[in-house]
Amino acid sequence: MSEVLTSISNAIIQGKKDDIGELTQKALDEGQSAQDILYKGLMPGMDHVSDKFKAGDMFVPEVMRSARSMANSMKILKPLLIETGVAMIGKVLLGTVKGDLHDIGKNLVGMMCEGAGFEVKDLGISVEPEAFVEAVKEFEPDIVGMSALLTTTMRSMGDTIKALEEAGVRDRVKVMIGGAPVNQSFADKIGADAYAPDAAAASDVAKKLVKKS
Amino acid sequence: MQVRKTNYQVNATPRLQVLTEDAIEAIYYASLRVLYETGVRVYEKEGVEVAHAGGAIVEETTEDSSLVKIPHYMVDKARSTVPSKVVVTGPDRQYRMELFKNQIYFGGGSDTPYTIDPYTGERRRATYQDVKNCARVAQALPNYDFHMSLGITQDTAVGTYDRWQYLAMLEGTSKPINITAVDLEGVRDQLEMAYIRVGGKEEWKKGPIFSLYIEPVSPLSHSKEVVQKLLFACDHDIPFVYTPCPLAGATAPTTLAGLLVQALAESLFGIVISQLRKPGSQLIIGGLMSNMDMLSTIYCYGSPEMALLSAAYTDITKWLRVPEYETAGCSDAKLFDEQAAMEAAINISTAGLVGGNMIHDVGYLDSGLTSSIELMVASDEIIGMIKRILQGIPVNGETMALDVMKEVGPGGHFLEHDHTYNRFKTEIWQPKLIDRQNWENWQMAGSKSYGQRVHERVIEILEAETEPLLDDAMFKELRRVCELADERHKGEELDVKMFG
């Protein structure tokens with residue numbers, strides 16, 4: 001493995017978000033392809049981070065810093081990847097559902113997904129079902145992720161899925177849900193494709209969902 | 001620079017105080033009256049002579065004891081030479097207890113007849129291997145600062161088990177140890193072992209590697225063995241714990257204030273005799289005081305009175321400026337169960353908050369009759385929690401984080417901010433065994449209760465490969481002291497299977 005790719009992996013693990021841009025450029029200058037930088041530099045670093053996090057050896061602020069480093073590198077790589085026709089791992093559309101202003105969990109999911117190599121679009125808080133539908137048409141995500149903290153707002157998840165069906169775009173996406181009051185059986189009940197109990201699980205679930213489709 | 005802030009006070013740590021200075025003084029002067037008017041019974045002639053030569057009144061002398069009355073000026077004089085600080089270290093000096101006002105150190109308790117077998121959960125007589133196991137666990141636990149046997153080695157000879165017990169502890173830990181001794185000869189042998197371990201008498205003087213546990217008998221009695229050990233400890237620069245164990249309603253007044261007066265009088269006698277024998281002799285006064293349960297008659301190790309009395313006694317010793325022996329991490333439960341966790345959490349918190357110095361009995365169950373490695377491991381985490389609380393909340397510009405709040409703004413989040421990244425590990429305590437997973441992950445990890453996780457950690461520690469602390473030559477030399485003791489006592493009743 002090339003030295004520069006190893007140092008990119010290490011920079012991801014150490015969360016060197018301010019140095020990663022320079023390193024990415026250096027790798028490109030040395031003739032590494034954007035694809036190799038992504039799959040042989042960034043991704044192995046993030047996989048390592050993910051393993052350490054699951055083992056309890058790394059903590060959320062550290063993982064977020066690694067994910068931010070990944071995102072900073074991807075800013076440079078993305079146009080090149082598109083240019084060369086290399087498929088990104090996938091696109092994730094996120095939002096806290098209508099009536100709910102809680103977003104820390106959803107933000108975590110966004111960062112973890114970015115860290116896993118997804119392109120993430122975050123619609124923010126209290127997102128109307130129609131806004132999800134519009135964004136699906138426009139952004140063409142592989143996955144729609146919905147979050148809610150309140151038992152009173154978790155019903156909006158079902159409404160949003162219905163809205164996607166009515167607009168005829170439900171089949172184009174996989175729907176993933178999360179948040180303190182929901183669980184797998186609720187996901188089944190409203191016809192979501194997947195449920196994740198936390199942000200780390202969410203990025204794993206997202207990876208599985210795009211593999212299947 | 002113009003200073004605007006005035007009269008600004010901070011608590012660097014949270015505070016707990018049971019007794020006011022006035023109450024402490026009332027107790028102290030009451031103790032002086034007890035020593036002078038009621039007196040203490042001393043069962044050792046040499047001790048009586050030392051006291052008498054120092055000015056004590058000696059009365060009611062019988063064949064085996066005398067009533068000794070101590071005038072208050074003798075106490076004043078003794079207080080002027082008793083050290084306000086005692087240091088005990090580990091043999092390689094890595095671990096160190098600096099015992100003085102407001103310094104906390106946690107450790108085990110001494111000779112329990114029983115232990116809970118870590119594998120079978122069975123309560124049985126403790127053995128050499130158990131004592132070694134407890135010491136190995138003590139070595140592995142970060143919040144465990146000193147060690148006591150947590151079991152009597154009952155597969156060794158009855159009259160010499162203390163040497164074997166010390167050897168088992170030395171095999172398992174290099175932390176400071178508080179030893180017990182069968183008799184004076186037992187102290188002598190263990191001191192010889194300590195010289196071997198630390199590298200000679202001069203090294204010992206640079207830092208003793210054990211303290212000696214001495215327990216006078218409540219109410220107000222000082223037995224032959226106790227006084228002999230005390231005098232020997234003074235003569236040989238051995239720091240010693242002088243701890244009566246008064247029992248409210250049984251061996252002390254049922255009122256806690258009365259118990260404190262009595263306990264203090266008992267300890268003050270130790271201070272007086274030791275300072276007469278050798279000014280500067282090092283005491284740690286204690287520390288185990290509780291109530292009798294008036295239904296079962298047991299000595300309560302988990303009662304709120306135990307925690308409260310220990311805390312009050314800490315207040316008294318802080319005022320006296322004498323290091324203190326304190327009690328926590330113990331319970332009356334028969335197993336490591338909910339009661340054990342609850343009682344240990346309460347008494348560890350109280351002892352930590354008040355600032356007892358040498359806080360012992362971590363791992364005691366069954367009113368001090370049974371040791372539990374599981375309770376040791378669980379207590380380590382409780383101590384971690386209380387240590388976090390004791391770090392308090394520093395309030396300053398950086399910690400109030402106004403700039404950070406402004407930067408993040410309403411509706412933002414702090415997870416990604418440098419302020420979080422740079423401080424979360426020091427600001428927020430991370431548990432090791434306490435579970436904080438969400439339901440799904442907890443389920444995936446086997447749906448384990450705290451007790452199950454503690455048990456697994458115990459087995460993990462016991463089965464971890466560790467470097468031996470004693471090399472072959474040293475082990476043989478130490479063992480030789482034990483064997484010679486057995487040899488000397490060969491003629492005696494030494495049935496090692498006395499418990500069947």
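**Entry: classes in the largest cavity**

I started with the lining of the largest cavity in this predicted model and sorted its residues by class: six are nonpolar, three polar and three charged. The volume of this cavity came out at about 110 Å³.

Next I wanted the names. A:Met46, A:Asp47, A:Val49, A:Ser50 and A:Phe53 are in the lining, and so are A:Met112, A:Gly115 and A:Ala116. A:Ala200, A:Ser203, A:Asp204 and A:Lys207 complete the list.

Which elements give two or more residues to this lining? I found helix H3 (34–54), helix H5 (104–115) and helix H9 (199–212), each of chain A. H3(A) gives the most, with five residues.

**Entry: the other cavities**

I then asked how many cavities of 30 Å³ or more the model holds. The count is three.

The second largest cavity has about 50 Å³ of space. I looked up its lining and found residues of chain B: B:Ser84, B:Lys101, B:Asn102, B:Thr314, B:Thr317, B:Lys318, B:Arg321, B:Val322, B:Gly355 and B:Asn357. By class, that makes one nonpolar, six polar and three charged residues.

**Entry: where chain B meets chain A**

On to the interface. I found 13 residues of chain B in contact with 18 residues of chain A. The size of an interface is often given as the accessible area lost when the parts come together, so I looked that up too. Chain B and chain A bury about 1,400 Å² between them, and 58% of this lies on carbon and sulfur atoms.

**Entry: charged and polar pairs across the interface**

I counted four salt bridges between chain B and chain A. In one of them, the side chain of B:Glu416 meets that of A:Arg68, at 2.5 Å from N to O.

Last, I checked the elements on the side of chain B that touches chain A. Helix H15 (418–427) and helix H16 (439–444) of chain B give two or more residues each, and H15(B) gives the most, with five. By class, this side divides into three nonpolar, six polar and four charged residues.

Terms used
Residues numbered from 1 in each chain as written. Chains lettered and ligands numbered in written order. Predicted model: local features only at pLDDT ≥ 70, side-chain atom pairs only at ≥ 80, totals over all residues. Heavy atoms only, no water. 1 Å grid on protein atoms, 1.4 Å probe; cavity = no way out; pocket = protein on both sides within 12 Å on 5 of 7 lines; lining within 4 Å. Points joined across faces, edges and corners; volume = space filled by probe spheres on them. Helix = DSSP H or I, 4+ residues; strand = E, 2+ residues; numbered from the N terminus. Nonpolar A, V, L, I, M, F, W, Y, C, P; charged D, E, K, R; others polar. Contact = heavy atoms within 4.5 Å. Buried area = accessible area lost by both parts, 1.4 Å probe.
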